[in-house]
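Please read it beside the sequence and the structure.

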Amino acid sequence: MKSSIPAIVGKEIVHILRDKQSLFMVLTMPVLMLLLYGYAITLDMQRITIMVIDNSGTPQSRELIRHVSSTDFFRISKVDSGIHDINTLFQSRMALCVLFIPGDYAESIISGRQADLQLVIDASDPNAASFIQNYMGKVTSEEMIRRNGTEAGLFSVEPRIFYNPDMRSAPFFIPGLIALILILISALLTSIAIVREKESGTMEQLLVSPVKPSQIIIGKVLPYTLLGFVDGVVILVLGSLLFDVPIQGSFLLVACMMVIYVVTGLSLGILVSTISQSQSVAMLAAITLTILPSMLMSGFIFPISSMPRAFQYFSRIVPATYFIEIIRGIVLKGNGIAQIYRQAAVLLGIDIFLITVSIRAFRIRLE
């Protein structure tokens with residue numbers, strides 16, 4: 001008994017060292033999780049884009065704008081005068097909130113009357129909306145103390161909430177959850193498609209047939225596209241009915257965008273399957289490449305603008321980042337193709353890139 005244990009231990013060590021892909025995943029995943037969780041998970045919010053409509057245009061109003069811009073919380077995207085279409089501003093993501101300074105602002109301040117400011121907030125993210133409302137209250141209080149020596153009487157801020165007036169969390173999380181589930185399911189569906197052929201020994205039969213690598217890759221993606229699309233429609237309908245999330249925009253547009261996004265997940269899974277040696281490694285890689293970045297780096301829970309600059313750049317290569325912007329825009333704001341075509345074009349580009357790389361990697365392995 002004593003002499004057999006070291007032999008088994010030695011055999012397992014050799015097995016672990018030979019399976020370099022599994023060893024790489026086991027050693028790198030904790031580091032990756034530490035970096036992602038450590039940098040991405042933060043409840044602090046910064047650089048919230050705000051547009052200021054300054055109808056006063058006086059030194060007093062400019063002083064208030066300077067005070068707003070001096071904080072790390074707000075980043076003024078534009079200072080303008082006149083009335084703007086708030087829906088267009090929010091749908092194009094030019095700002096998360098708009099501060100209206102009335103035309104009689106300076107007269108009210110000089111005469112000691114109360115100046116009525118208006119703050120319009122995009123509440124599709126209820127957490128951010130709550131932070132914006134509270135922080136603007138803090139900014140105006142500081143301005144009142146600086147001018148008047150007291151927090152009362154000089155300003156009043158009237159908030160107006162767009163898209164999610166009750167500031168419920170379900171309308172914010174359900175569309176993001178759909179993006180997370182779709183990319184995971186799609187990648188898992190195809191992550192074992194090719195490696196399973198290798199392990200079962202049927203790859204040789206496939207290789208001797210007159211089929212090109214591109215036909216094999218595309219042929220494996222297409223059937224799963226329909227399956228992934230059906231999954232997407234089911235979770236969209238159930239999410240809307242069970243959690244009372246009304247779809248403000250076109251259901252057909254959501255469905256079309258879903259097809260593009262499902263192909264992204266399937267293409268990623270095919271690429272993983274092409275370069276993996278075993279089904280377990282392929283599934284582990286698919287989960288790592290989809291769950292962690294999609295949950296932490298896509299804006300699903302934590303705002304991208306509050307992350308370190310390097311992680312903000314990294315988030316732009318995460319497919320879920322674009323799909324979450326698309327589906328939240330359509331479901332919550334009623335966005336049309338004019339507001340989402342850039343994100344859709346990026347997803348299409350990612351699809352073409354992943355399929356091209358998969359075909360190339362598959363051809364190299366055959367050679």
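Ala, Val, Leu, Ile, Met, Phe, Trp, Tyr, Cys and Pro count as nonpolar, Asp, Glu, Lys and Arg as charged, and the others, Gly among them, as polar. The lining consists of Ile174, Pro175, Ile178, Leu236, Gly239, Ser240, Val245 and Val331. H7 and helix H10 (213-242) each supply at least two of the lining residues. The largest cavity holds about 40 Å³ of space. The structure has one cavity of 30 Å³ or more.

On a 1 Å grid over the protein atoms alone, a cavity is a set of points where a 1.4 Å probe fits but cannot get out; a pocket is an open set with protein on both sides within 12 Å along at least five of seven lines; lining residues have an atom within 4 Å of a point.

Residues are numbered from 1 along each chain as its sequence is written. In this predicted model, local features need pLDDT of at least 70 and side-chain atom pairs count only at pLDDT 80 or more, while totals for chains, interfaces and linings use all residues.

| Pocket | Volume | Lining by class |
|---|---|---|
| Largest | about 1,000 Å³ | 12 nonpolar, 14 polar, 11 charged residues |

The largest pocket has a volume of about 1,000 Å³. It is lined by 37 residues, and the closest to its centre are Arg93, Leu96, Ile304, Ser305 and Glu325. H14 gives the largest share of this lining, six residues.

Of its 17 lining residues, Leu268, Leu289, Ile317, Val318 and Pro319 are the closest to the centre. Helix H2 (20-40), helix H11 (251-275), helix H12 (279-296) and H15 each give two or more residues to this lining. The largest share, five residues, comes from H12.

**A helix pair**

How do H7 and H11 pack, and at what angle? Helix H7 (residues 170-191) and H11 pack at about 40°, with axes 7 Å apart. H7 is therefore oblique to H11 (angles under 35 degrees count as roughly parallel, over 145 as roughly antiparallel, 65 to 115 as roughly perpendicular and the rest as oblique). In H7, the residues that meet H11 include Ala179, Leu182 and Ile183. In H11, those that meet H7 include Met258, Tyr261 and Val262. Contact means heavy atoms within 4.5 Å. The contact of H7 with H11 has 10 nonpolar, six polar and no charged residues.

Key
Side-chain values use heavy atoms; hydrogens and water are left out. Grid points are joined across faces, edges and corners, and a volume is the space filled by probe spheres set on the points. Helices (H or I, at least four residues) and strands (E, at least two) are DSSP runs, numbered from the N terminus. Axes are lines fitted to C-alpha atoms, for helices over the stretch in contact, and angles run from 0 to 180 degrees between N-to-C directions.
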